[in-house]
Amino acid sequence: MRLPNPNITGKRALRLANRVASLVLPHRCLSCRTLMPDANGLCMDCWGQLTFLGEPCCTLCGYPFELSEGRDALCAACTFRRPAYDKARAVFAYDDTSRDLILAFKHGDHTENAPALAAWLVRAAGGLARDADIVAPVPLHRKRLRQRRFNQSALIAQHAARHWQRDYYPDLLQRQRATASQGNLGFSARHRNVRQAFGVSEKYRDAIEGRTILLIDDVLTTGATVEECSRILKRHGAKQVYVATLARVPSPHTSPG
């Protein structure tokens with residue numbers, strides 16, 4: 001095999017390497033890793049088990065309705081307490097299949113899944129992106145980032161921002177303190193856990209004034225994290241904050257654990 005020409009730029013060399021790998025290496029389902037004839041896809045079993053979300057839904061948080069309740073209908077949770085963000089949408093419901101898909105990407109080092117996951121998010125959140133000026137990920141604390149070696153939300157956000165041709169600020173938000181894992185916490189405890197955990201990077205404080213931010217995260221559970229991010233962004237002048245995630249739990253007040 002002929003090695004890439006040293007004059008080829010780093011990005012071109014990487015693209016060439018990816019093309020060669022796609023011809024040589026077998027493709028696998030993004031979730032269960034079953035061998036597949038094509039790249040960036042799911043096997044029929046995993047595809048059939050995913051619950052993709054869309055209309056009709058709550059106009060604010062995207063909670064799915066069985067039947068249409070009108071263009072601006074709100075779910076019970078948003079009627080009782082409006083979220084700090086302005087709108088949220090998700091690709092699919094958080095269940096056993098989508099959890100395996102996200103965990104394989106998040107903790108299984110399958111970063112090659114990012115383009116396919118981002119493509120689904122692009123379709124689910126296209127309506128939000130039309131009004132967005134800036135795309136940014138929910139950040140990890142530096143300690144967790146060192147452990148994981150990448151921020152899964154940032155990988156998705158980067159691909160999505162490129163597709164939408166929006167400004168991408170990977171470090172717009174910073175985690176000012178490490179927080180306990182949200183996994184085993186209830187609704188109120190999650191909100192207390194992330195309170196004052198985020199800050200806006202100094203270099204962007206003038207850049208977000210009057211602009212609409214589209215935040216990207218992997219899972220929306222109670223909304224505690226994205227709400228705290230939304231509050232700090234609006235405190236620094238953001239006009240609106242939208243949220244797009246890969247998955248969301250069945251109920252705004254239900255934790256998947």
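The model on display is a predicted one.

**First stop: Phe52 and Trp120**

Phe52 sits in the loop between H2 and H3, whereas Trp120 belongs to helix H5 (residues 114–124), so the pair ties together parts that are 68 residues apart in sequence. Trp120 itself is buried, its relative accessible area being 8%.

**Second stop: Phe92**

How many aromatic pairs does the count come to? The count comes to seven. One of these joins Phe52 to Phe92, again edge-to-face, at 5.8 Å centre to centre and with 75° between the planes. Phe92 lies in strand S3 (residues 87–93) and Phe52 in the loop between H2 and H3, so this pair ties together parts that are 40 residues apart in sequence. Is Phe92 buried or exposed? Phe92 is buried, with a relative accessible area of 0%.

Trp47, Phe52, Phe92 and Trp120 form one aromatic cluster.

Leu50 is buried, and its relative accessible area is 9%. Which residues does Leu50 touch, leaving aside those up to four places away in sequence? They are Leu42, Phe92, Thr97, Ser98 and Leu101. Phe92, a member of the aromatic cluster, is therefore also a contact of Leu50, a residue that counts as buried.

To follow one of these contacts, select Thr97 together with Leu50 and display the C-alpha atoms. The two residues are 47 positions apart in sequence, while their C-alpha atoms are 6.2 Å apart in space.

**Last stop: the whole chain**

Clear the selection and display the entire chain, coloured by secondary structure. The chain contains ten helices and nine strands. It has 257 residues, of which 46% count as buried. Among contacts in the chain with a separation of 6 or more, 72% are between residues 24 or more positions apart.

Methods: Residues numbered from 1 in each chain as written. Predicted model: local features only at pLDDT ≥ 70, side-chain atom pairs only at ≥ 80, totals over all residues. Heavy atoms only, no water. Helix = DSSP H or I, 4+ residues; strand = E, 2+ residues; numbered from the N terminus. Buried < 20%, exposed > 50% of the residue type's maximum accessible area, 1.4 Å probe, protein only. Contact = heavy atoms within 4.5 Å. Phe/Tyr/Trp six-rings, centres within 6.5 Å; stacked < 30°, edge-to-face > 60°.
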